[in-house]
Amino acid sequence: MNYKNLKKCDPQVYKALMGELKRQQEGMELIASENYVSEAVLEALGSVFTNKYSEGYPGRRYYGGQEYTDLAETLAIERAKKLFGAEHVNVQPLSGAPANMIAYSAVLKPGDTVLGMDLSHGGHLTHGHPVTLSAKIYNFIRYKTDESGMIDYDELEKMAIKHKPKLILAGFSAYTRQLDYKRFQQIAKKVGAILMIDIAHIAGLIAGKAIPNPVPYFDIVTTTTHKTLRGPRGGMIMCKKEFAKAIDKSAFPGFQGGPHMNNIAAKAIAFGEALKPSFRKYAKQILKNAKVMEKELIKHGFKLMFEGTDNHMVLVDVYESKGVTGKEAEIALDKVGITLNKNMVPDDSRGPMDPSGIRIGVPAITTRGMKEKEIKIICKWIKDAIKNRNNEKLLKKIRKDVVKMCKKFPIYK
Ligand SMILES: *Cc1c(COP(=O)(O)O)cnc(C)c1O
């Protein structure tokens, strides 16, 4: 990494950037929504495409000078179509939250009813949590998981019949089981609802063909591009042909102004990387690593929500199994250089700022090349750090071991 101009022109920001680079190189990144993009993606993000205004879509822009922006955006669209088998793709959403707002406003009127997954049961804030703008505009009703941690599809069907939603929304950010796409489709058909899924977390697993592809079953599919998909921070919407016009109009001019072309060029690169056989291997390794993590954590006496995992993350109730809160666990692990986040568990008796659980994901460490052997060691560190959270000496020793392992799997050399 060479930031020679930045170093000269702004030593303060340079210092922050270098600190962050070192933190990423020497830290064990277990935040389920994070990953490391390739240097090619970083180059595109820092490229001259950042200078260009390109409101509109390829071939239909509101500004001149678009031959190369059109080329980059078309590449991103065509590659995404191939990757997911989508009929129509919009690569302009600035991130996951705007992608969802764009999708809602494409097909809903203010006051329309939406069925979405409850936040504490794994759904996302943008799926109608009361603090969000979407909840102020639309009438969100939230479905939950049952006692075993699965989505209760019979209950979902009953709710759909009762509330007659215009839109049924699937997708999550802290749920670990495979969704029954067909069942969602049957329920939506039965009540005449539009069917949408937000695959922000699992897009890379789908692109890498490690888990089933929902795109054929859903009318609208939103995603981020920076989680398991390992692209730049951003959003994307895929949809059936009949929704194409509404989605495009809703993105621009409906919700956003000029797209971020440096970001779209980086998306094209990431999608190109995801089309390679090596990405399929990566996605499969994520699942393997998560399974090892599931088994090891159970062995160490942790309680896993949803009885385990089918994807890239596990949700652990540390409060019930170890008597520490999610926040205490997060702080203890931060001290040893293991980064993850506290998280609510279904119907959490504690609040969101200090909930009962932690969420652990393996996409980033899998990108570094870590496999089963390393996962086992990491799980032991997690157990030891939480148990000995007041033993500064031991935490320091684990910290040293974490750095050592990270150096064996270097990033951004
Ligand atoms: C991360 C996430 C989002 C939000 O994405 P941002 O890019 O942070 O706006 C939306 N939906 C789900 C399911 C997510 O996991």
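Begin by selecting D112, which sits in the loop between helix 5 (96-107) and strand 5 (113-117); helices (H or I, at least four residues) and strands (E, at least two) are DSSP runs, numbered from the N terminus. Before going further, note that this is a predicted model, in which local features need pLDDT of at least 70 and side-chain atom pairs count only at pLDDT 80 or more, while totals for chains, interfaces and linings use all residues. Residues are numbered from 1 along each chain as its sequence is written, and side-chain values use heavy atoms, with hydrogens and water left out.

Stay with D112 and show its side chain, which reaches the backbone nitrogen of K109 at 2.8 Å.

Next, select the ligand together with S95, G96, A97, D198 and K227, which come nearest among the 14 residues around the ligand (a residue is near if one of its heavy atoms lies within 4 Å). A polar side-chain atom of S95 lies 2.4 Å from an oxygen atom of the ligand, and a polar backbone atom of A97 is 2.8 Å from an oxygen atom of the ligand. On D198, an N or O atom of the side chain is 2.5 Å from a nitrogen atom of the ligand. Taken alone the ligand exposes 390 Å², of which the protein buries 86% (accessible areas come from the Shrake-Rupley method with a 1.4 Å probe).

Now turn to the largest pocket, which holds about 750 Å³ of space; a pocket is an open set of points on a 1 Å grid where a 1.4 Å probe fits, with protein on both sides within 12 Å along at least five of seven lines, and lining residues have an atom within 4 Å of a point. Select E20, Q24, N35, L42 and Y412, the closest to its centre of the 28 residues that line the largest pocket. Colour helix 2 as well, because the largest share of this lining, 5 residues, comes from helix 2.

Finally, visit the second largest pocket, with a volume of about 600 Å³, and select H124, L125, S173, N343 and R359, the closest to its centre of 27 lining residues. Helix 5 and strand 14 (341-343) each supply at least two residues of that lining.

Methods. Polar contact = N/O pair within 3.5 Å; in protein donor to acceptor, adjacent residues only side chain to side chain. Points joined across faces, edges and corners; volume = space filled by probe spheres on them.
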